[in-house]
Amino acid sequence: MKKPVDIGMNRTGIDSSPLLSREMLSKANLLLSRQTEAEMSDSDLRKECIREADPIGTVPFPGTLKGVAKTSLQKLSGKKPEVFIDKLGERLAFERSGVRLYEALIRKYEVQKLGIGGISLEALQKIKDEELRHFEIVRDAMKSLGADPTAMTPCADVTAVSSMGLVQVLNDPRTTVEQCLQAILTAELVDNDGWDLLVKLAREAGNAEMIQNFERALREEAGHLEQVRSWVNDITLVEAERAA
Amino acid sequence: MALNLLKEKGCALDKQGFTWRELVQQPISKLNDDAFTRVRIILLNGIENEALRFSHACARMNKELQLPLAKLRRIEHHQATMINWLLSSDHSPIETTIGYEQVAIEVTAAVAQTEPDPYLAQVYRFGLLEDFDHMYRYSALLDRLEGKDSNNILQSYTDVLPGRPTSVEHRAPEDDLREHYDRTKAHPLSKMHALTIMSGEQQTHNYYLNIGPQFSDPLARQLYAEIASIEEQHVTQYESIIDPHESWLEKWVLHEANEVYNYYGCVQQESNARIKAIWERFLDYELGHLNLALDLFKRFEKRDPAEILPESLPEPIVFKSQREFVRKVLSQEADLRANGTRIVALEEDSEASKLYRNHMNSEGSPSESVATQYEWKPGTELNKGVAA
């Protein structure tokens, strides 16, 4: 079976069919007379829509704190609790999806049994378990603030849209472990910055328990990033050196 | 041609069936398969979808046909599924759109050249230049939104140039209707062509209506809304060329014959052996469907099928680049307009259409905005080092 890094009959690109491509390029006289200038450029139209747009959604007010003064929530989470809750919602969604991404990667690894780059099933499972624990840490943090961890905050929604490509890559039976690790690397880079931000927000709020939990999660995520990055490097370099 | 429509029995209906695993086969490779394999997949999906829509309409009007239609429809639904699922998930919705427009251009151009009725040939050329322009607008969108070259889908078979501007394709409904062929006199090829192109346009219309709202980009949302409206006009145009005096059963038989016709052409020209095997299987299925419809036609209408079907199939639609023909039509007919059922010179454009068009475009034209000063270049317009 051919691997994606082998040479094959890729038909994209101008060089794959020189005769047809030459014909395609011989078009100048047909184009110039018909090109138009719109009343409103694509960029201006888009700017107008940005000005007119409604937000994606809003942060749900903590249900269990209804009737409790907003100031007590502020004590727990900083001056503008909505921001903290929104970012917690984002991390919660990301970690929860991260578990699913690692489950998909583990399935692929079990089938393709990649024997290079120091990757192992145990290492993958350890990361997956930690992603699940990080989800639980955020869930408990949200609960302690009276926020609903089952709700979807705006940042959670946006981050899920950003990750849709990752879900597609990880679950495509045609992609390799190497290609999936490259996608996971994107997720881990984002995740590291996400936790870094949560630690800062917890510090701003002066919430000791959260600071401790989030710092631990950040350390573990840094480990994930280092691990995935080295797998991607090692596997690619070994593949590049390997004789055809 | 070897295939005799009135004698070949094909696969009996009770021998036709699927498992879920069979329905969902390995998709094609967006990168490695020939663009015309994708063209055939999209076209045949359109043909199967029309089979389903027609069958439902027929069932709603004919109590006694409901059971045979339901039995046959179950198979055709699964055929449509197997075919549509051959498109791989790495096609973004705009890339699939490029594939749809390539179907519209290359298949309509092939049909326009072999159509025996000169009026219908003109109608196909008229529609062709509109889909040709859609390709240009969507290529601009793909380039400027996703940073991708539509030619990676087209594989240099199809030009990316402005056609009849989409902004002037908007017409009053009375200017979208055309004269129909005469069911008693039309060449069988005219009937196959009309059904084929109408099916393709209908699936494109449905596809744009479905995926348009999936875009976050407001201009993409507007462009899909605008071009979906033209596709609706195209369905109106192409269904109006079909003789409305054909009976329900006559139409059913013609649908099945058209499916046989298209699968047969695809079997003959398919380059991917695995996909070809699917076309062969479905050709055999369709012959079975045709026989069932013919039996009912004889039973209920007491008519001889030879009245409405030729013994042998007409020459298949050719799947190849029609660049030269399209360029010729582009240089000669881009300025034509429609007035009632007539295709006319620019000066004779219909007042009703002008009024409608001016109103629709009065707050801006998405298809103009999306392609301002757009020129296709290999590797996208950002690849400025390449001469084009």
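A helix here is a DSSP run of H or I with at least four residues, and a strand is an E run of at least two. With that in hand, let's walk through this predicted model.

**Stop 1: chain A as a whole.** Select chain A and switch to cartoon. From the N terminus on, the order of elements reads α-α-α-α-α-α-α-α-α-α. Of the 244 residues in chain A, 29% are buried. Among contacts in chain A with a separation of 6 or more, 77% join residues 24 or more positions apart.

**Stop 2: colour by confidence.** The mean pLDDT of chain A is 89, with 87% of its residues at 70 or more. Now select residues 28-32 of chain A: this is helix α2, whose mean pLDDT of 61 is the lowest among the elements of the chain. Then jump to residues 164-171, helix α8 of chain A, which has the highest mean at 97. A word of care for this stop: where pLDDT is low, the predicted coordinates should not be read in detail.

**Stop 3: where the chains meet.** Show both chains and select the contact between them, which takes 30 residues from chain A and 29 residues from chain B. On the side of chain A that touches chain B, α1 (18-25), α2 and α3 (42-52) each supply at least two residues. The most comes from α1(A), with 5 residues. Colour that side of chain A by residue type and it divides into 11 nonpolar, 10 polar and 9 charged residues.

**Stop 4: the nonpolar cores.** Next, select Leu128(B), Val253(B) and Val260(B), the residues with the most contacts inside the largest nonpolar core, which has 104 residues. Helix α5 of chain B (residues 118-146) gives the most to this core, with 13 residues. Centre on Val253(B): leaving aside neighbours within four places in sequence, its contacts are Ala293(B), Leu294(B), Phe297(B), Pro305(B), Ile308(B) and Leu309(B). A second, separate core has 23 residues, including Val138(A), Trp195(A), Met210(A) and Ala217(A).

**Stop 5: a glutamine in α9.** Finally, pick Gln182(A), which lies in helix α9 (residues 177-205) of chain A. Is Gln182(A) buried or partly exposed? Gln182(A) is partly exposed because 17 other C-beta atoms lie within 10 Å, whereas a buried residue needs 20 or more.

Key. Residues numbered from 1 in each chain as written. Chains lettered and ligands numbered in written order. Predicted model: local features only at pLDDT ≥ 70, side-chain atom pairs only at ≥ 80, totals over all residues. pLDDT = per-residue confidence, 0-100. Contact = placed C-beta atoms within 7 Å. Nonpolar A, V, L, I, M, F, W, Y, C, P; charged D, E, K, R; others polar. Core = buried A, V, L, I, M, F, W, Y, C linked by C-beta atoms within 7 Å. Buried ≥ 20, exposed ≤ 12 C-beta atoms within 10 Å, placed from the backbone.
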